[in-house]
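User: I've got a model open and want to talk through how it's put together. Can we go question by question?

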Amino acid sequence: MRAYSMTKVLAGSAIFAALAYLVSFLEFPVFPAAPFLKLDFSAVFTLLGSFMFGPVSGAAICVVKEALCALTKSSTGGVGEIANVFMTISFIIVPAVMYRFKKGLPWVIFYLVCGVVLQTAVALLTNRYINFPLYAGETAESMFLQLWPFIIYFNLIKGAANSVITVLLYKHVSHLFKAAGKHGGEDRGGAGRE
């Protein structure tokens with residue numbers, strides 16, 4: 001039974017990673033002054049996978065999705081994807097861990113708010129010390145000083161948008177998983193009852 005359950009988790013995680021990868025193609029810039037900051041909704045599927053299968057699966061979904069992006073459509077040589085791994089995991093880690101202990105819509109919203117704040121802080125660090133130095137060289141510090149407000153606004157918008165869509169979709173997705181018999185652990189008593 002344990003092997004069967006692990007197979008279900010792996011299969012479900014693979015599906016979410018594939019969906020996250022496909023959705024990542026639908027990206028668009030939010031601020032003309034910082035066109036490299038592109039909004040997409042792939043984190044929705046990483047969050048859903050985290051709620052259903054736990055934080056380890058959520059991190060694995062993120063890594064697989066970013067690896068696929070790095071191999072097929074990266075314009076940063078994989079550097080942007082590495083930064084995205086840090087930012088996405090920082091976004092999902094609090095909701096994914098805390099959801100296993102305390103469920104209910106008010107709690108989920110609180111976890112997501114924490115995730116958005118943490119992601120925004122990590123985004124500032126990764127852009128300052130990973131992305132900008134590699135692409136701007138000696139002008140990295142001055143460029144960061146000009147653009148850091150856009151990084152904050154962008155990540156707040158991105159985190160909030162992905163959070164709202166996740167909350168709206170979770171009920172339907174969890175019911176599909178129950179009906180398909182894919183997973184019986186994380187679904188019980190989850191956000192589908194909220």
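Predicted model: local features only at pLDDT ≥ 70, side-chain atom pairs only at ≥ 80, totals over all residues.

User: What angle do α2 and α3 make where they pack?

Analyst: Helix α3 covers residues 55–72, and its axis lies 7 Å from that of α2. Anything over 145 degrees counts as roughly antiparallel, and that makes α2 roughly antiparallel to α3. The crossing of α2 past α3 is right-handed. The packing angle is about 155°.

User: Which residues of α2 and α3 make that contact?

Analyst: On the α3 side you'll find Pro55, Ser57, Gly58, Ile61 and Cys62. From α2, the contact is made by Phe45, Thr46, Gly49, Ser50 and Phe53.

User: Which element gives the most to the largest nonpolar core?

Analyst: That core has 21 residues, and Phe16, Phe45, Leu47, Leu48, Phe51, Phe91 and Tyr170 touch the most other members. Two or more residues come from each of α1 (2–23), α2 (43–53), α4 (79–98) and α5 (105–136). The element that gives the most is α2, with eight residues.

User: How many residues are in the other core that lies apart from it?

Analyst: Its members include Ala34, Val122, Phe132 and Phe144. The size of this other core is 15 residues.

User: Where is alanine 96, and how far is its C-alpha from that of serine 50?

Analyst: Alanine 96 is in helix α4 and counts as buried at 1% relative accessibility. Leaving out residues up to four places away in sequence, alanine 96 touches Ser50 and Pro55. Along the chain, alanine 96 and serine 50 are 46 residues apart, yet their C-alpha atoms are separated by 5.2 Å.

User: And glycine 115: how far is its C-alpha from that of phenylalanine 91?

Analyst: Glycine 115 is part of helix α5, and it's buried with a relative accessible area of 0%. Beyond residues up to four places away in sequence, glycine 115 touches Ser90 and Phe91. The sequence gap between glycine 115 and phenylalanine 91 is 24 residues, and the C-alpha distance is 4.3 Å.

User: Is glutamine 119 buried or exposed, and which residues is it in contact with?

Analyst: Glutamine 119 also has its place in helix α5. The cut-off for buried is under 20%, so at 4% relative accessibility glutamine 119 counts as buried. Setting aside neighbours within four places in sequence, its contacts are Met87, Ser90, Phe91, Asn155 and Gly159.

User: Now the charged side chains: how many salt bridges are there in the whole structure, and what are the partners?

Analyst: A search of the whole structure finds one salt bridge. Both partners are on the inside of the buried cut-off: glutamate 66 has a relative accessible area of 4%, and lysine 65 has 7%. The closest N and O atoms are 2.7 Å apart, and the partners are glutamate 66 and lysine 65.

User: Zooming out, how many helices and strands are there in the protein chain?

Analyst: From the N terminus on, the elements run α-β-β-α-α-α-α-α. That comes to six helices and two strands.

User: Last one: what percentage of the residues of the protein chain count as buried?

Analyst: For context on the fold, among contacts with a separation of 6 or more, 71% are between residues 24 or more positions apart. Of the 194 residues in the chain, the buried share is 45%.

Terms used
Residues numbered from 1 in each chain as written. Heavy atoms only, no water. Core = buried A, V, L, I, M, F, W, Y, C linked by side-chain atoms within 4.5 Å. Buried < 20%, exposed > 50% of the residue type's maximum accessible area, 1.4 Å probe, protein only. Helix = DSSP H or I, 4+ residues; strand = E, 2+ residues; numbered from the N terminus. Salt bridge = Lys/Arg side-chain N within 4 Å of Asp/Glu carboxyl O. Axes fitted to C-alpha atoms, helices over the stretch in contact; angles between N-to-C directions. Parallel < 35°, antiparallel > 145°, perpendicular 65-115°, else oblique. Left-handed = near helix turned anticlockwise from the far one by under 90°. Contact = heavy atoms within 4.5 Å.
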